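Have a look at the picture before you read on.

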Amino acid sequence: MKNFILITAVFCSMSASVLGQTLPSSIPTDSLLAFYTLNNSFIDVSGNGHTATTTGNVYPALGLNGFCGNTDLAFYFPNSWGTANRMNFPATLMAEMNNLTKGSITIHFKIDSLANHSHYFGFDNSLMIKQKHGSNSEMYLGIQDSKLRFHLTGSLPSTWLFVSNTTILEDQWYHAILTWDGQYEKMYINGVLDASISSSNTLSNMVNPSYFSIGALEGVGSPGSFSTIDNVGFWDDCLDSTEVSQMYAGFATAVYDSITQQPVSSTFTTSGGAYFTLAHSDTSATYQWQQNGGTGWSNLSDLGIYSGTMTDSLI
């Protein structure tokens, strides 16, 4: 009697958002300078034409909303001590994110490995920076001692510390928004105000910066990023708490619409039977069971030995 293994998979909830090369509807458009969905592209989807480029090794990865057949992608910035694996914003955006009394940035990130470089800048995992070598570092965002740290302007190292109350864990997505208005710097994490400080800091008039990027910091001994990054945006005004929460809710709708119980593979005989089931957070989700016989995934249909191929239970 012949045994075989049926390996199952499912594409669920066709209502879940599929982010492409268009601006997500939850993104505030007033004062928007650039937005990057990073869906296998470096295009600025705001329509302002600030297309980015890359240096070093940057790889497409599963994005914030990339699950269960969803094609949303992000970019992975691998371990890179001393290697500048990064995405570079163009000179046109450098000029606009410059000399600003008010401004906001947003980024989704997931840390692959919390590093401890003991770098003299005080950042363990770098996420973003606008840098002029030997002169000034602006919008430096990264992880220090498992906290999110933001350095708006000034030379590094610096005793000026603006860090999150939230502890950053590995392999978890976080949505961060940083704002400044000449009176306060604010840090929102996952749609909620996490930290705030009184600050007169603003973006300086940085002429000819060395680079403006996400990912690893350039230079020998520079901290690596060890991260996956998605949905990066810039405004020349200070977003308010309502705009922040609406933006987060727009992304979170798809993130939390997910499989809550996965099917389990089973070995059985050709004369026997098997039952596979799953559960999903969206009660209106649609389903399609598939099999992979070694040549790729293909849809099953209610013919022959299968039934329930477009339901939550396959027999």
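**From surface to core**

The protein has an accessible surface of about 13,900 Å², and carbon and sulfur atoms hold 51% of that (areas come from the Shrake-Rupley method with a 1.4 Å probe, and for residues only the protein chains shown count as cover). Keep in mind that this is a predicted model, where local features need pLDDT of at least 70 and side-chain atom pairs count only at pLDDT 80 or more, while totals for chains, interfaces and linings use all residues. Residues are numbered from 1 along each chain as its sequence is written, and side-chain values use heavy atoms, with hydrogens and water left out.

Seven of the strands make an open, antiparallel sheet, in the order β4-β7-β16-β9-β10-β11-β12 (two strands pair if DSSP finds at least two bridges between them). At its edges sit β4 (53-55) and β12 (163-167), each pairing on one side only. Zoom in on β7 (residues 86-88) and β16 (residues 211-215), and you'll find three antiparallel bridges; M87 has I214 in β16 as its bridge partner.

What about the inside? Of the 315 residues, 51% are buried (under 20% relative accessible area, 1.4 Å probe, protein chains only). The largest nonpolar core has 41 residues, and F89, M97 and F234 are among those with the most contacts inside it (such a core is a set of buried Ala, Val, Leu, Ile, Met, Phe, Trp, Tyr and Cys residues joined through side-chain atoms within 4.5 Å). A second, separate core of 11 residues includes I27 and V244.

Notes
Buried means under 20% relative accessible area, exposed over 50%, partly exposed in between (1.4 Å probe, protein chains only). Helices (H or I, at least four residues) and strands (E, at least two) are DSSP runs, numbered from the N terminus.
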